[in-house]
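Subject: Handing over the structure

Dear colleague,

Here is the structure I promised to pass on to you, with the sequence beside it.

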Amino acid sequence: MKNLFNTLEKLKNKLVKTKDNLLGRLNILLKGKTKLDDTVLEEIREILYLSDIGYDITELIIQKLKENIKVNLEFKYEEVINLVKHELLLILEKGERHNSCFDYNNFKILDENRPKIIVIVGVNGTGKTTSLGKIAYNFKENNYHVLIAAADTFRAAANEQLTVWAKRASVEIIENKNTKDPGAIVYEALDKAIKNHLDVVLIDTAGRLHTKTDLMNELNKIIRIIEKKLNKKPDEIFLVIDATTGQNAVVQIENFLKYIPLTGLILTKMDGTAKGGVIFQIVDKFKIPVKFIGIGEGIEDLQPFDSNEFINAIFEN
Ligand SMILES: Nc1nc2c(ncn2[C@@H]2O[C@H](COP(=O)(O)OP(=O)(O)OP(=O)(O)O)[C@@H](O)[C@H]2O)c(=O)[nH]1
Ligand SMILES: [Mg+2]
């Protein structure tokens with residue numbers, strides 16, 4: 001069971017840049033102001049927009065402010081902060097985790113069906129391999145038998161990097177330097193998982209630009225191999241998004257969704273970026289659950305996403 005106090009404290013520290021960019025700037029603007037006039041509203045609009053929450057959410061919040069706080073009359077600045085906080089929480093709740101055979105708060109598998117298959121996809125350098133390593137570690141900590149499939153046959157150093165992660169997490173890895181066909185490696189991994197009654201197979205894939213049709217179709221092929229071999233869809237297909245890319249994240253999700261049925265998102269590099277606000281835009285637009293956020297390069301720097309915790313980390317001092 002995770003320690004709620006520690007995770008919130010850690011999250012607060014890691015999300016400090018996003019917090020400064022949103023709450024910090026609102027605080028500076030509003031302290032000492034007694035009236036919500038058009039100039040102040042315009043400045044709030046600018047702060048919201050620059051925090052990467054996107055145009056639609058910015059306008060929604062401005063509208064709610066106008067409805068709830070009378071323009072040109074006295075107000076307390078906490079009223080504005082609380083309203084922004086409330087609206088942003090409502091948006092995140094739309095992206096709460098859907099039903100899944102995993103309980104990620106405790107890294108438990110909730111049914112008997114084995115092996116569970118998790119496929120990790122995304123554009124280059126978003127943090128796929130790192131996130132996979134962290135997930136492997138968490139399952140292993142709960143004594144599950146985990147196998148990593150090194151299906152990134154594209155990048156020369158991919159296997160070495162993944163091997164390092166497998167060692168850190170103390171889990172097995174399956175690789176095959178004699179093939180460039182990721183499907184063949186996935187097939188081998190599934191075979192092994194079935195024979196050895198393994199619990200989870202984590203499939204690392206090569207980074208690919210969402211505009212490259214042949215590479216996107218290659219992902220489809222991997223999914224078909226899983227379906228054929230196990231008679232089920234992958235249990236998860238996670239798209240890994242680098243939060244520091246801001247607006248481009250939206251384009252990536254749109255395009256991946258055209259090709260494959262994503263079950264969730266992992267938003268990485270939330271530490272060290274002021275653009276964490278992009279999460280609101282993503283959840284609002286796609287209603288697709290954010291399952292994890294990456295908050296550092298270490299093995300323990302992956303947190304199951306929790307709307308309340310996230311909002312509190314940004315809005316509590
Ligand atoms: N600060 C920070 N760095 C991260 C996080 N996740 C990944 N990284 C770093 O991002 C860089 C790229 O991570 P990888 O896991 O190799 O990314 P990838 O998507 O597998 O890359 P390709 O396989 O080349 O497409 C590495 O230096 C990681 O340490 C995170 O949550 N926070
Ligand atoms: Mg990788």
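Before anything else, one cut-off is needed: a residue is called buried if 20 or more other C-beta atoms lie within 10 Å of its own, exposed if 12 or fewer do, and partly exposed in between. Please also keep in mind while you read that this is a predicted model.

Arg45 lies in helix H3, which covers residues 38–50, and, if its neighbours within four places in sequence are left aside, Arg45 is in contact with Thr58 and Ile62. Tyr55 is ten residues away from Arg45 along the chain, and the C-alpha atoms of these two residues are separated by 9.4 Å.

Next comes helix H9, residues 213–230, whose 18 residues reach 26 Å from the first C-alpha to the last, close to the 26 Å expected at 1.5 Å a residue. Which residues of H9 are buried? They are Glu218, Leu219, Ile222, Ile223 and Ile226, and, seen down the axis of H9, these buried residues fall within an arc of 140°, so they line one face of the helix. On the face of H9 turned away from the buried side you will find the exposed residues Thr213, Asp214, Asn217, Asn220, Arg224 and Lys228. The cover over the buried residues of H9 includes the strands E3 (116–121), E4 (146–151) and E6 (200–205), together with the helices H8 (182–195) and H10 (248–259). After H9 comes Asn231, which has a positive phi, near 60°.

Turning to the strands, E4 is mostly covered, since six of its six residues are buried. In a regular strand the side chains alternate between the two faces of the sheet. For E4 both faces are covered, with Val146, Ile148 and Ala150 buried on one side and Leu147, Ala149 and Ala151 buried on the other. E4 runs parallel to E6, to which six bridges join it, and in that pairing the partner of Ala150 is Asp204. E4 also runs parallel to strand E5 (residues 172–174), here with three bridges, and Ile148 has Ile173 as its bridge partner in E5.

How many residues of strand E8 are buried? Five of its five residues are, so E8 is largely enclosed by the rest of the structure. Both of its faces are covered, as Gly264, Ile266 and Thr268 are buried on one side and Leu265 and Leu267 on the other. Strand E7 (residues 236–242) runs parallel to E8 and is joined to it by five bridges, among them the one that pairs Asp242 with Thr268. Strand E9 (residues 290–294) is also parallel to E8, with three bridges between them, and Phe292 in E9 is the bridge partner of Ile266. Since five of the five residues of E9 are buried, E9 too is largely enclosed by the rest of the structure.

Some backbone details deserve a careful look. The peptide bond from Arg114 to Pro115 is cis, with omega near -10°, and Pro115 is found in the loop between strand E2 (108–109) and E3. His197, in the loop between H8 and E6, has a positive phi of about 50° although it is not a glycine, and with 9 C-beta neighbours inside 10 Å His197 counts as exposed. Lys269 has a positive phi as well, of about 60°, and is not a glycine either; Lys269 lies in the loop between E8 and helix H11 (278–286) and is buried, with 22 other C-beta atoms within 10 Å.

Finally, there is the ligand. Of the 22 residues around ligand 1, those that come nearest are Gly127, Thr129, Thr130, Gly207 and Gly294. Helix H6 (residues 128–141) gives the largest share of this shell, three residues, and by class the shell has three nonpolar, twelve polar and seven charged residues.

With best wishes

How values were computed
Residues numbered from 1 in each chain as written. Chains lettered and ligands numbered in written order. Predicted model: local features only at pLDDT ≥ 70, side-chain atom pairs only at ≥ 80, totals over all residues. Helix = DSSP H or I, 4+ residues; strand = E, 2+ residues; numbered from the N terminus. Expected span 1.5 Å × (residues − 1). Arc of directions from axis to C-beta. Contact = placed C-beta atoms within 7 Å. Near = placed C-beta within 6 Å. Nonpolar A, V, L, I, M, F, W, Y, C, P; charged D, E, K, R; others polar. Pairing = 2+ DSSP bridges.
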